[in-house]
Amino acid sequence: MSPYPRRPLLIVLGVTVLLIRIASAQTQNPTLQGHPDDYPRADVEYGARLYAQHCVACHGDTGDGVAGVALRSGKFRNAATDPQLRTVISTGFPNAGMPAFKLDAAELTGVVAYIRNMNTFDASSMKAGNATNGKTVFDGKGACLSCHRVNNTGSRKAPDLSDIGMLRSAGSLERSLRDPSSQMIPINRPVRAVTRDGKVINGRRLNEDTYSVQLTDEEGRLYSLAKSDLREYNVLTKSTMPSYDKELTRDELADVVSYLLSLKGQ
């Protein structure tokens with residue numbers, strides 16, 4: 001007879017069964033994959049505009065225009081999770097008459113966010129941002145070109161935004177404007193390097209490995225430095241970009257996000 005109690009084994013078995021049931025429930029009920037709060041409103045609004053442009057002709061305003069498909073239900077035979085839903089949108093079902101849609105990552109994020117929120121989102125309450133107005137704010141009041149570059153115009157102090165609309169979702173862009181430090185990509189974080197002879201280089205990290213680092217300074221000059229030649233090297237966690245949360249109105253923020261989403265590269 002074992003000197004150890006059997007209760008721990010029973011607990012382990014119980015937890016295992018519970019996890020299996022949760023996994024099964026998630027497969028059968030895709031609404032367990034997320035809640036409306038998981039999707040930033042900016043993404044949902046962007047997705048609503050894209051849905052109206054690409055999907056409403058077949059699926060209808062309420063998502064039930066195709067027989068056997070009810071988008072508002074959140075339950076899909078071939079897409080239980082958001083990544084699977086993105087795949088379905090990208091590849092389509094040619095034999096069933098659904099074409100493949102060539103949407104970039106930001107657009108896919110928006111469409112999925114909208115579909116997941118069709119039951120609760122009131123599209124009539126949406127005030128779409130204006131990209132033309134957003135460019136005016138970006139160039140003027142926001143003074144964004146003093147650090148960023150768009151299509152060969154502007155500074156090289158901060159990342160080039162010429163194709164940012166293909167890379168970042170609406171929600172991510174809005175968060176960047178309100179709280180820049182929360183959305184910094186590690187490789188783009190600001191750095192401070194001091195060489196052995198005391199030269200200070202403040203700039204942005206472009207590439208780094210064990211032995212070297214490539215930087216661009218605040219004037220856009222490129223440096224390739226051996227770490228063994230540095231007296232000091234710090235990667236900063238606070239963005240040098242100011243917050244526009246209180247500097248811009250809600251409408252201006254929406255307009256700037258719309259402008260950034262329109263930047264798909266030349």
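A residue is called buried when its relative accessible area is under 20%, exposed when that area is over 50%, and partly exposed in between, with a 1.4 Å probe and protein chains only. The structure is a predicted model, in which local features need pLDDT of at least 70 and side-chain atom pairs count only at pLDDT 80 or more, while totals for chains, interfaces and linings use all residues. Residues are numbered from 1 along each chain as its sequence is written, and side-chain values use heavy atoms, with hydrogens and water left out.

The protein chain contains nine helices and seven strands, where helices (H or I, at least four residues) and strands (E, at least two) are DSSP runs numbered from the N terminus. Of its 266 residues, 37% are buried. A contact requires heavy atoms within 4.5 Å, and among the contacts in the chain with a separation of 6 or more, 58% are between residues 24 or more positions apart. The chain exposes about 16000 Å², of which carbon and sulfur atoms supply 54%; accessible areas come from the Shrake-Rupley method with a 1.4 Å probe, and for residues only the protein chains shown count as cover.

Aromatic packing was examined next. Rings of Phe, Tyr and Trp (its six-membered ring) pair if their centres lie within 6.5 Å, and planes under 30 degrees apart count as stacked, over 60 as edge-to-face and the rest as tilted. A search of the whole structure on this basis finds three aromatic pairs. In one of them, Y51 and Y114 are tilted, with 5.2 Å from centre to centre and 55 degrees between the planes. Because Y51 lies in helix 2 and Y114 in helix 5, this pair ties together parts that are 63 residues apart in sequence. Y51 counts as buried at 2% relative accessibility, and Y114 also counts as buried, at 7%. The rings of Y114 and F121 have centres 6.2 Å apart and planes at 90 degrees, so this pair is edge-to-face. Both Y114 and F121 are buried, and ring pairs link Y51, Y114 and F121 into a cluster. F121 is also touched by E45, whose other contacts, not counting residues up to four places away in sequence, are M126 and K127. E45 is placed in helix 2 and, at 13% relative accessibility, counts as buried.

Grid points are joined across faces, edges and corners, and a volume is the space filled by probe spheres set on the points. The largest pocket has a volume of about 900 Å³. It is lined by 40 residues, of which H148, A158, P159, S239 and M241 are the closest to its centre. At least two lining residues each come from helix 7 (164-167), helix 8 (170-178), strand 3 (190-195), strand 4 (200-208) and helix 9 (250-261). For the classes of lining residue, Ala, Val, Leu, Ile, Met, Phe, Trp, Tyr, Cys and Pro count as nonpolar, Asp, Glu, Lys and Arg as charged, and the others, Gly among them, as polar; the lining of the largest pocket then has 22 nonpolar, 10 polar and eight charged residues.

The second largest pocket holds about 710 Å³ of space, and of the 28 residues that line it, H59, V69, V88, F93 and M98 are the closest to its centre. Two or more residues of this lining are given by each of helix 2 (41-54), helix 3 (56-59), helix 4 (82-91) and helix 5 (105-116). By class, the lining of the second largest pocket divides into 21 nonpolar, five polar and two charged residues.

The structure holds one cavity of 30 Å³ or more, and the largest cavity contains about 40 Å³ of space. Its lining consists of V137, F138, G142, C144, L177, Y244, L248 and V256, which divide into seven nonpolar, one polar and no charged residues. L177 is also one of the buried residues of helix 8, together with A170, G171, S172, L173 and S176; the buried residues of helix 8 pack against helix 2, helix 7 and helix 9. In helix 7, L167 is exposed, with a relative accessible area of 57%, and the C-alpha atoms of L167 and A106, which are 61 residues apart along the chain, are separated by 6.1 Å.

Note on methods. 1 Å grid on protein atoms, 1.4 Å probe; cavity = no way out; pocket = protein on both sides within 12 Å on 5 of 7 lines; lining within 4 Å.
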